[in-house]
Amino acid sequence: MTDLAQHLRAERATLRSTESPAAPAWWEARRDEAMATLIARGWPTTAEENWKYTNIATVLQRGLPPAPPPSFTTPPAWALREPLPEAITLVFVDGHCLGPALGADALPAGVRVCSLRQALAEDHPAARAHLAQEPALAAQPLAAWSTTLARDGAFVYVPTGVTLAQPVRLACFTSRGAAERVVQLRSLLIAAPSSELAVIESYAAAPDAADVPCLVNSATELVVGANAGLAHYLLQRGGEAVTQLNTVQATQRADSRLRSLVCVLGGALVRNTIGTRLAGAGAQSALDGLFVAGGDAHVDNHTTVDHEQPRCTSNECYKGILDGAATGVFNGKVLVRPHAQQTDARQSNHNLLLSASATVNSKPQLEIFADDVKCSHGATIGQLDADALFFLRARGIDERAARSLLTWAFASEVFSRVPFAALRQQLAETVQQRLGLTGLTAA
């Protein structure tokens with residue numbers, strides 16, 4: 001038996017013996033399937049094309065222990081310091097949900113916002129129908145790891161024909177803890193046919209834990225029903241020693257709408273694997289991203305847009321800002337299958353290098369097997385515009401401020417697409433803090 005198999009089976013046995021209440025049999029069976037998949041596949045290595053720029057084998061092979069529950073059972077004050085007044089909030093610390101959702105007093109009939117653990121205890125029919133049933137997610141090794149060992153996560157369900165006007169915020173924190181550890185989360189978000197849902201999934205360190213090393217591995221499954229709309233915002237502001245691994249996979253039915261925004265503003269090593277499967281005719285997806293990294297941080301965004309059906313559209317734009325000796329990666333694949341005629345797919349990746357030591361590897365990909373399509377992709381890597389810099393300095397702005405203003409102009413386009421004012425301003429302030437600016441508002 002391999003070390004990986006021994007490690008996973010031992011942790012699965014511990015998890016099964018300590019869960020209260022016990023998980024439904026169907027979930028245990030799916031977890032066993034995920035574990036078998038991971039054992040057969042093994043950890044990803046740089047020998048694989050999809051992982052050639054990001055080496056996580058070293059930290060995975062260390063066999064870090066799972067994070068224990070925090071010593072408190074309700075959200076601490078520091079977890080609510082950045083409120084989104086209009087949001088329904090679930091707070092997680094070290095992968096454990098603390099209390100019921102905040103602000104969920106008057107939800108429309110049938111809407112459920114709770115921890116995944118609670119949904120499993122209720123044996124919610126939507127969880128039974130959809131959880132771990134998406135093949136594209138099951139094939140991802142880190143998602144299989146989360147499915148196998150996560151104790152908790154989020155469950156959000158909006159029934160047919162319902163619009164949830166308030167966004168749902170999943171506020172996930174890592175604490176100081178006693179030792180380096182693994183934080184696992186497994187979430188399922190469902191917008192049933194003709195419904196509307198927005199979810200903000202954010203990751204950060206507790207105020208005293210910014211320098212604490214730990215590994216966060218999360219998998220989030222999005223189900224977008226026919227003619228439904230789902231917006232998913234993934235915000236990462238992890239501590240300077242955190243390894244953050246996120247897998248997000250969406251399945252879209254006919255005429256559905258998906259909006260995805262990934263914003264990376266922290267973490268030592270970040271790998272995001274984002275995918276959507278346009279499985280119904282007329283589905284639309286918009287994937288945007290911004291990553292800002294300095295020091296010796298490493299940020300990898302790996303996306304896949306799978307056009308399975310005809311008349312679907314996808315638009316994707318990722319931007320990277322790298323300083324110091326940071327490394328950035330963008331690997332975006334658009335796949336147009338033979339049946340997906342009249343596809344309209346656009347993809348772009350733009351990167352700004354602020355130092356001579358920063359590096360970015362950009363790899364946009366198009367694979368087209370249909371003949372009646374409109375597809376385009378492109379990538380740019382460059383420095384700040386010298387003429388624009390001269391223009392600002394000629395008007396009395398010092399070089400540092402001029403460089404920051406131009407960098408902000410490059411980044412702020414992404415924020416203009418966020419519909420929630422409080423969230424838009426929080427993102428703007430965080431980026432401005434990184435750039436040494438204050439007092440500007442998002443576009």
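**Ground rules.** I am working on a predicted model, where local features need pLDDT of at least 70, side-chain atom pairs count only at pLDDT 80 or more, and totals for chains, interfaces and linings use all residues. Residues are numbered from 1 along each chain as its sequence is written, and side-chain values use heavy atoms, with hydrogens and water left out.

**Confidence.** I checked pLDDT, the predictor's confidence in each residue, from 0 to 100. The protein averages 92, and 98% of its residues reach 70 or more.

I traced an open sheet of nine strands with mixed pairing, in the order S3-S4-S6-S8-S10-S12-S14-S16-S18. Strands count as paired if DSSP finds at least two bridges between them. S3 (112–115) and S18 (359–368) stand at the edges with a single partner strand each, so one side of each has no neighbour in the sheet. Neighbouring strands are turned by 5° against each other on average, direction ignored; the axes are lines fitted to C-alpha atoms, and angles run from 0 to 180 degrees between N-to-C directions.

**Strand S8.** I then followed S8 (residues 214–224), where 11 of the 11 residues are buried, so the strand is largely enclosed by the rest of the structure. In a regular strand the side chains alternate between the two faces of the sheet. Here Cys-214, Val-216, Ser-218, Thr-220, Leu-222 and Val-224 point one way, and Leu-215, Asn-217, Ala-219, Glu-221 and Val-223 the other.

What joins S8 to strand S6 (residues 182–191)? I found 10 bridges, with the two strands running parallel; Leu-185 has Ser-218 as its bridge partner in S8. S8 and S10 also pair in the parallel sense, over 11 bridges, and Glu-221 stands opposite Gln-249 in S10. Gln-249 in turn has Gly-275 of S12 as a bridge partner.

**Cysteines.** How many disulfides does a search of the whole structure find? I got zero, taking a disulfide as a pair of cysteine sulfur atoms within 2.5 Å. For Cys-214, the nearest cysteine sulfur, that of Cys-172, is 12 Å away. Cys-172 is buried too, at 6% relative accessible area.

Definitions and conventions. Helices (H or I, at least four residues) and strands (E, at least two) are DSSP runs, numbered from the N terminus. Buried means under 20% relative accessible area, exposed over 50%, partly exposed in between (1.4 Å probe, protein chains only).
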